[in-house]
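Thank you for making the time this morning.

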Amino acid sequence: MKSDIIFGIVDIGAGGIRCQISEVSKNSDAGWRIKTIEYIIFPLSIGMDTFLKKYITFDTVYRAAEIFSKIKLKFKEYGITGNYRAVCTSAVRDAENKHFFINHIRVRTGIELEIIDENDELYIKYLGVSETLKGFKKLESKGAVLVNLSSGNVGINIRKNKIPLFSSTLPYGALRIFQLFSDIEERVKYRAYEQYINKLVLLLKKSCAEYDKITSVIGSDTSTGLLSEIFKPEGHFFDISDLTGLYLKIKTIPVPEICVELSINDYDAKILKPVLYVYISIMKSVGAKKLYFSDQNFSDQLTRFYLIKTKEKKFNKKLIEYFFYFGKKFNIDDKHAKQVLMFSEKIRRSLKNILIIKPDERAALIGSAVLHDIGYYTNINDHHEYSYRIINSLNIPGLNREVLENIAFCAFFHGSGEYSFSDMAPHYYKDKVSSERELTIKKVISILKIADALDASHMQLIKDIRLEVSDKAVNITAVSSVTPFLEIKFFKLKSTDFLETFGIPVELAVKLDYE
Amino acid sequence: MNSVRIYNNRELSWLDFNERVLMQAYDGTVPLCERLKFLAIHSTNLDEFFMIRVAGLKDLVSAGYKERDISGFTPSEILNEISFRVHRQIKESASIFNALALELLMLKILIFPVEPFDMEILDEIFYSEISPVITPVIISEIDKIPFIFNLKLCFFVELERENRILNSLIIIPENVKKVYKIKKSKKSYYFTPENIIERYIDKIFPGYAVKDYFLFRVTRNADLPIRHEDVEDLLSVIEENISARKWSNIVRVEIDREITDGLMNKIKYYLGIDVDYEDKDIYITNRPVNLSFLLNIKEENRGLYYKPFKPAIPDYLKNKSIFDIAKRKDILLFRPCNDFKIVSKWIAEAGNDKNVLSIKMTLYRTDKNSKIVEALANAASKGKHVCAVVELKARFDEEKNVKWAKKLEESGCIVTYGFPDKKIHAKIFLATRKEEGKIVRYAHISTGNYNEYTANIYTDADYITTEEEACSEISNMFNYMMGYSDIYKWSRIKLAPVNLRQTLAELIDFEISEAQAARCAEIIIKVNSVFDGEMTDKIYSAGASGVTVKMITRGICSIKSGIIGLSENIEIKSIIGRFLEHARIFYFYAGGKERVFISTADLMTRNLDKRIELFLEIKDAESKNLLMEILEYNIKDNLKSWYLTDGVYAMAEPKNLKFNCQERVCLKLAKQD
């Protein structure tokens, strides 16, 4: 990447379309520097349509196209052609006619919109908060729930000691709640909100075994922006007493009066009651007195994420911890997983001069090394199929859905048979995988199968391996205290993919561990 | 605080201002031809006043509205007072005109010479230029005379033929020259078309005897919609009775000489004027009815004009690019002492600069053949992203503005027209440049229009900065005006109608709290006009709390100074000089921080609530000091200053040192390094 770049982010949210133009430069001393050149909010209630009617009305689509025409001009002004990302969240994601919306904008303006996966959205927001909220590490290590309360959904990310205990996106967004009960009389509407939101808290308590270990609540998204506008806090937190005081004051009064009382717009007034009660009820459920927040907006977070490729510091290390955390839940053979991980990493490193392994491929290798046998928990015979299903059901913050799915495919194919489509039911695999992606899967499986074979007995007979790579072959010398018959047998069965994928044979020699 | 006596009336305060303009024509220290110009300006100012303000008041009377305004007058009382004062001013104007004509005669410059003259040239002018375009109309036989357009000069002629009296009208067409100048025997002779017609009036009606005649013109209600900011304060109160408003009603009749009762009754009859009610609206001028022709008197003798002055270019800007200088320091220029071409050339430079990505600017009133409009069009034709926010509603300039807008659109500019209900009055220019891969924005903020002609005669401040926060918010301001969005946080700049009123109140409140705590508190406000109930009360509160308030208000001022217990600490002065004072500068002592702001806003309700105005604190120390010095010069001025005391403006009486602030500022800026 060049040292300076003008980058555009368009965040298509439930209440408006936000366009941010940033200048990103790299200073070798200070790292990346993002300077916001322009930040424009175009109010447009896409969420009102989606959460009430389940689709985006023509009128909204046309008005969005007008807004995108202006954004196009803005891009032109700064010479932005391809260097932008236009990201849709739940308001478009949950609309039945989302593809029409995206296509219409593309045809009318040439701007390509993409729908961001809800887990990615949650992860990007987590990264934003973790980077900008002072004292985040301390809060996280003690146990914190990150509540990403947006218009359509609420993203919940429960973390303790840097490990995500629970991560999910649930349809409890503030606007969605408002719309859900729009037909109820204003005077008692708050009771409906409360019942519905109480259900959310109950759900969290039931789904997260360690919910009682949480001590802090961290909010993000436009909901905390709205609270900031109202409370104008000096620090980065709101007191529960202030939030409760405001809620009690407004809970029975209608939206127009809230607008006047608090000098806020109609949209904000509509979502205020659900916003307050979601935060208050979660805070109460964990005994938190303060709601922490970061004032970094989503557009900033997206810019950082896409352009600087922000990842958590020591992301792979954390990823390994996450995989083992989830593996533990399903009783994986911890020692075997560690051994396979060590062997696959050694093989990967030894191949670096002849083979490029991309970061996502490495993540898939790590994930499949740890989780390939996770299906044993359910069914020992068809464990590879159950591994596939369990892995696919996981939510791992920061890991996009495709990588997780690749891990699941690798787990499915890690057996001794040759990698083949026919092994997999068509609905799992077919039409889903591009040839490029298939290569990724093949690369990972080829390494994984060898690493797995080297601990086929699950007894860690082979303590270590040494690798020599020449033009003709990859030679693995396994160091073992006894002859590892199972490992030798399975190595033969599982190493054929390696030759097929990399065009080079892999050979094993065993050296007994003595001097 | 809204009681009857503490506010000056808006119309009367304006008439006071116009009288101060008239007094410039009387001032012997002003060169002779410049005095003629002031006489003409006084006359044209009155025309606009009648078309808009008097017309609005008449609408109130017609609608039966009898409420008193904050100054304690009912509409009909104020109309009486206006009539009284305007009659007095017309009389003064006539006597000044005659005195000036005599002085000019001594210099061999003759306006409407009575001495015998070479009729051949006049014959030529009359027969070849005037006679072919005039059409006398006999009106005796008809009830309804032809429609006489607003401000059109017209002769009423009484004729006799075969013992029969006939009446006729001669409407003077627009397509004749305003002034004919004849140079002969080192003398200059000036004639207006009406003066020539008068000399040939017998020839126009062959076969008739001209018994009597006079020249007159009517002023009509300008067709301003009820929501127009110039009349909204008056007409919004009769919104329900708006049907009472008659468009193009006659609001004033001017006649050039005393006439007989018979002729007076005839003209009233033909114009449909109510005999009992409208007498006060008839003005006998005893001088040429339309004095605007005086602006066309051009003499070669430089002694008859102000000494020419060369607008200065500071040394640090000579032969330099503004882009290079502004990167290092903010630039403050003060028109007309500083050359406005510095700004207009920079705008042209921006259009040709390969590093400039975009140019945005507001256009409110600009001059004919504007180089700035050309520069924008040129930039757009070179593929730059150019946005112009054109305000079409600039009074009486709408047609001109439409022409620029078209020209800009044709060349590829993105032209937007602001808001239907808010006039864009802020003057801002923003150039975005890519320098070594980085975006750098250059903003120009001015108190005056991008008009190269008026830049030579209006005083205004121009400020150029690259300060990021200011530039970023100005960029947002363009987005706001171009309809992108209205959700922004304004912290560095303040904006009417968003937060300017509140900001001013907070700044004044702070001074009040300082004064109440017995600490130094001072406010200096230099604006064109003050007329807003809330602001007036706030300034009174400041004065009453012990804040030293100095108001330099050229025109309308609702505040009265010297009211015991209320405005003893408030000094109000008006400077009327060679240049039209137009810069708006605000100073607040602010507990010693001394905060200085420039703005496009006057303290008028329309500026604070109905216009897009900008208010910017000048933080750059050098620029701030210069503005403070300019304010100090304004306060020190004792040659062109009028002080408002007990409701009356009186000229300052210089004791020892004579101080003309306009000259001093120019002198200072001419020496600027």
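Predicted model: local features only at pLDDT ≥ 70, side-chain atom pairs only at ≥ 80, totals over all residues.

**The six-stranded sheet of chain A**

In chain A, six strands make up an open sheet with mixed pairing, in the order E8-E7-E6-E9-E11-E10; strands here are DSSP runs of at least two residues (E), helices are runs of at least four (H or I), both numbered from the N terminus, and two strands pair if DSSP finds at least two bridges between them. Residues are numbered from 1 along each chain as its sequence is written, and chains are lettered from A and ligands numbered from 1 in the order in which they are written.

The edges of the sheet are strand E8 (163-170) and strand E10 (237-239) of chain A, each of which pairs on one side only. Further in, strand E9 (residues 216-220) and strand E11 (residues 290-293) of chain A pair in the parallel sense over three bridges, and A:Val217 has A:Leu291 in E11(A) as its bridge partner. Helix H5 (residues 118-132) of chain A packs on the sheet, where this helix touches strand E6 (144-149), strand E7 (154-160), E8 and E9 of chain A; contact means that C-beta atoms, placed from the backbone, lie within 7 Å. Helix H9 (residues 222-231) of chain A also packs on the sheet, touching E6, E9, E10 and E11 of chain A.

**The nonpolar cores**

Which residues touch the most other members of the largest nonpolar core? They are A:Tyr279, B:Leu376 and B:Ala388, in a core of 283 residues, a core being a set of buried Ala, Val, Leu, Ile, Met, Phe, Trp, Tyr and Cys residues joined through C-beta atoms within 7 Å. Helix H2 (residues 32-62) of chain B gives the most to this core, with 15 residues. Leaving aside neighbours within four places in sequence, A:Tyr279 is in contact with A:Val147, A:Val217, A:Gly219, A:Leu243 and A:Leu291.

**Further strands in chain A**

Strand E12 (residues 462-469) and strand E13 (residues 474-480) of chain A pair in the antiparallel sense over seven bridges, and a hairpin of four residues joins E12(A) to E13(A). E13(A) also runs parallel to strand E14 (residues 506-512) of chain A, joined by seven bridges, with A:Asn475 opposite A:Glu507 in E14(A).

**Chain B**

Turning to chain B, the axes of helix H1 (residues 10-26) and helix H3 (residues 75-106) come within 11 Å and cross at roughly 5°. These axes are lines fitted to C-alpha atoms, for helices over the stretch in contact, with angles from 0 to 180 degrees between N-to-C directions. H1(B) and H3(B) are therefore roughly parallel to each other, a label for angles under 35 degrees, with over 145 roughly antiparallel, 65 to 115 roughly perpendicular and the rest oblique.

Not counting residues up to four places away in sequence, B:Cys387 touches B:Lys360, B:Cys413, B:Ile414, B:Phe478 and B:Met482.

Methods: Contact = placed C-beta atoms within 7 Å. Buried ≥ 20, exposed ≤ 12 C-beta atoms within 10 Å, placed from the backbone.
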